[in-house]
Amino acid sequence: MVTFSDKNRPIYLQIADRICDSIHRGEYARDQRIPSVRETAAAMEVNANTVMRAFDYLQQRGVLANKRGIGYFVAEDGPARVGDLYNDEFIENDLRHTFDRLAAIGLSEADLSRLYVEYLTDRDMLHLLEANKYSNKASNSDIQ
């Protein structure tokens with residue numbers, strides 16, 4: 001049985017999220033048929049109308065395409081649209097919430113800018129260290 005953990009988010013949107021996650025992970029490629037409304041409803045133990053609403057939602061956003069009589073497929077630019085949806089959701093929800101919290105604690109624009117530059121520098125240094133670690137391992141194995 002599939003559980004839907006977010007009680008504040010409609011089930012059809014949680015189903016849409018799962019489909020998007022599957023596309024993002026590469027489980028479904030562009031132009032690939034996804035399970036039918038009935039198959040999805042049975043697998044998730046929800047009403048077929050709820051799944052249909054999720055499919056319609058994704059079709060309206062260009063993630064899925066309906067081929068009448070055949071089924072739903074990942075749209076040609078579906079994977080890119082999933083990325084756009086993730087970005088939009090992050091900016092609208094997570095980033096807005098973060099900015100609200102930063103304003104509440106009185107963090108200035110200059111402080112935020114400095115912290116972001118430090119974060120990017122630390123992240124880049126971490127990537128360099130990781131790259132050097134793998135490069136050193138490769139060099140050491142070449143020597144032996």
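Is Arg 30 buried, partly exposed or exposed? I looked this up before anything else. Arg 30 is partly exposed, with a relative accessible area of 44%. For this term, buried means under 20% relative accessible area, exposed means over 50%, and partly exposed lies in between, with a 1.4 Å probe and protein chains only.

**Entry 1. The model**

I noted that this is a predicted model, in which local features need pLDDT of at least 70 and side-chain atom pairs count only at pLDDT 80 or more, while totals for chains, interfaces and linings use all residues. Residues are numbered from 1 along each chain as its sequence is written, and side-chain values use heavy atoms, with hydrogens and water left out.

**Entry 2. Salt bridges**

I searched the whole structure and found seven salt bridges. A salt bridge is a side-chain nitrogen of Lys or Arg within 4 Å of a carboxyl oxygen of Asp or Glu.

Arg 30 forms one of them with Glu 76, and the closest N and O atoms are 3.9 Å apart. This pair links distant parts of the chain, 46 residues apart: Arg 30 is in the loop between H1 and helix H2 (37–44), and Glu 76 is in the loop between strand E2 (71–74) and H4. Helices (H or I, at least four residues) and strands (E, at least two) are DSSP runs, numbered from the N terminus.

I then turned to helix H4, where Glu 92 and Arg 96 lie four residues apart, about one turn of the helix. Their salt bridge has its closest N and O atoms 3.5 Å apart. Glu 92 is partly exposed at 44% relative accessible area, and Arg 96 is partly exposed at 45%.

In helix H5 (residues 109–143), Asp 111 and Arg 114 are three residues apart and therefore separated by about one helical turn. The closest N and O atoms of their salt bridge are 4.0 Å apart. Asp 111 is partly exposed, with a relative accessible area of 28%, and Arg 114 is partly exposed at 42%. Salt bridges that share partners join Asp 111, Arg 114 and Glu 118 into one network.

**Entry 3. Helix H1 against H4**

Two packed helices are described by the angle between their axes and the distance between the axes. I found that H1 (residues 11–24) and H4 (residues 78–104) pack at about 120°, with their axes 9 Å apart. Axes are lines fitted to C-alpha atoms, for helices over the stretch in contact, and angles run from 0 to 180 degrees between N-to-C directions. H1 and H4 are therefore oblique to each other; angles under 35 degrees count as roughly parallel, over 145 as roughly antiparallel, 65 to 115 as roughly perpendicular and the rest as oblique.

The contact (heavy atoms within 4.5 Å) is made by Cys 20, Asp 21, Ile 23 and His 24 of H1 and by Pro 79, Val 82, Leu 85 and Tyr 86 of H4.

**Entry 4. Helix H1 against H3**

The axes of H1 and helix H3 (residues 48–60) come within 8 Å and cross at roughly 55°. That makes H1 oblique to H3. Among the residues that make this contact are Ile 15, Ala 16 and Ile 19 of H1 and Val 51, Ala 54 and Phe 55 of H3.

**Entry 5. Thr 40**

Thr 40 is in helix H2 and is buried, with a relative accessible area of 9%. Leaving aside neighbours within four places in sequence, I noted that Thr 40 is in contact with Pro 35, Val 51 and Phe 55.
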